[in-house]
Amino acid sequence: ADESEFKKIDRIGPYFAAKIINYREVLGGYANKEQLLEIWKLDIKKYQEIRNYIEVDDIKFTTISINTATVNELKTHPYINYNIANSIVKIRAQIESYGTLDEIKKSVLIDEITYQKIKPYISL
């Protein structure tokens, strides 16, 4: 949706429409509606008011290749901090390249919750 479509939803004005779109671009797409709660100033009350009017296309994501990305490229994603990015790159250097996405769980910094959070946004 674009800004005008979001503004048609009661309780979403230009401020939140822009925030929703901007965060979608930063993430690489929304995997679930609950990610809207990560937007600054969008609290649970507002989320509950708008959630029934929001649809998430959970198959279209912009991904980052864990086999080619640098630490700096990886850490641009909101769910991947410098330490995680550095760990992904160091493990890749040890194994030459990742064969599956879940191999990043070899990092002690990536538990199952973190992995599930970043999985939609990474590729081989």
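**View 1. Helices α1 and α2 at the largest pocket.** Helix α1 (3–7) and helix α2 each supply at least two residues of the lining of the largest pocket. Helices are DSSP runs of H or I of at least four residues, strands are runs of E of at least two, and both are numbered from the N terminus. The largest pocket holds about 340 Å³ of space. It is lined by 16 residues, and those closest to its centre are Ala 1, Phe 6, Arg 24, Glu 55 and Val 56. A pocket here is an open set of points on a 1 Å grid over the protein atoms alone, where a 1.4 Å probe fits, with protein on both sides within 12 Å along at least five of seven lines; lining residues have an atom within 4 Å of a point. Its volume is the space filled by probe spheres set on the points, with grid points joined across faces, edges and corners. Rolling a probe the size of a water molecule over the atoms shows where empty space is left.

This is a predicted model, in which local features need pLDDT of at least 70, side-chain atom pairs count only at pLDDT 80 or more, and totals for chains, interfaces and linings use all residues. Residues are numbered from 1 along each chain as its sequence is written, and side-chain values use heavy atoms, with hydrogens and water left out.

**View 2. The whole protein chain.** The chain has 6 helices and 2 strands. Along the sequence they follow the pattern α-α-α-β-α-α-α-β. The C-alpha atoms fill a box of roughly 50 × 20 × 20 Å along the principal axes. Of the 124 residues, 38% are buried. Buried means under 20% relative accessible area, exposed means over 50%, and partly exposed lies in between (1.4 Å probe, protein chains only). Take the contacts between residues at least 6 apart in sequence: 50% of them join residues at least 24 apart. A contact means heavy atoms within 4.5 Å. The chain exposes about 7600 Å², and carbon and sulfur atoms supply 49% of that area. Areas come from the Shrake-Rupley method with a 1.4 Å probe; for residues, only the protein chains shown count as cover. The mean positions of the 18 positive and 18 negative charges are 4 Å apart. Lys and Arg count as positive, Asp and Glu as negative; His and the chain ends are not counted. Each charge is placed at NZ of Lys, CZ of Arg, CG of Asp or CD of Glu.

**View 3. Arg 24 on helix α2.** Arg 24 sits in helix α2 (residues 14–27). Its relative accessibility is 26%, so Arg 24 counts as partly exposed. Beyond its neighbours within four places in sequence, Arg 24 is in contact with Ala 1, Phe 6, Gly 29 and Tyr 30. Ala 1, Phe 6 and Arg 24 are also among the residues closest to the centre of the largest pocket. Gln 35 is 11 residues from Arg 24 along the chain, with 9.2 Å between their C-alpha atoms.

**View 4. Leu 36 and its contacts.** Leu 36 lies in the loop between α2 and α3. Leu 36 is buried, because its relative accessible area is 2%. Leaving aside residues within four places in sequence, Leu 36 is in contact with Ile 20, Tyr 30, Leu 42, Tyr 47, Ile 50 and Ile 54. Ile 20 is 16 residues away along the chain, and the two C-alpha atoms are separated by 7.1 Å.

View 5. Arg 11 lies in the loop between α1 and α2. Its phi is near 85°, a positive value in a residue other than glycine. At 44% relative accessible area, Arg 11 is partly exposed. Lys 41 belongs to the loop between α2 and α3 (44–50). Lys 41 is not a glycine, yet its phi is positive, about 75°. With 52% relative accessible area, Lys 41 is exposed.

**View 6. Lys 117 on helix α6.** Helix α6 (residues 112–118) carries Lys 117. Lys 117 is partly exposed, at a relative accessible area of 41%. Not counting residues up to four places away in sequence, Lys 117 touches Glu 38 and Tyr 79. Tyr 79 is 38 residues from Lys 117 along the chain, yet their C-alpha atoms are separated by 7.3 Å.

**View 7. Thr 76 and Arg 11.** Thr 76 lies in the loop between α4 (71–74) and α5 (82–95). Thr 76 counts as exposed, at 58% relative accessibility. Thr 76 and Arg 11 are 65 residues apart in sequence and 30 Å apart in space, C-alpha to C-alpha.
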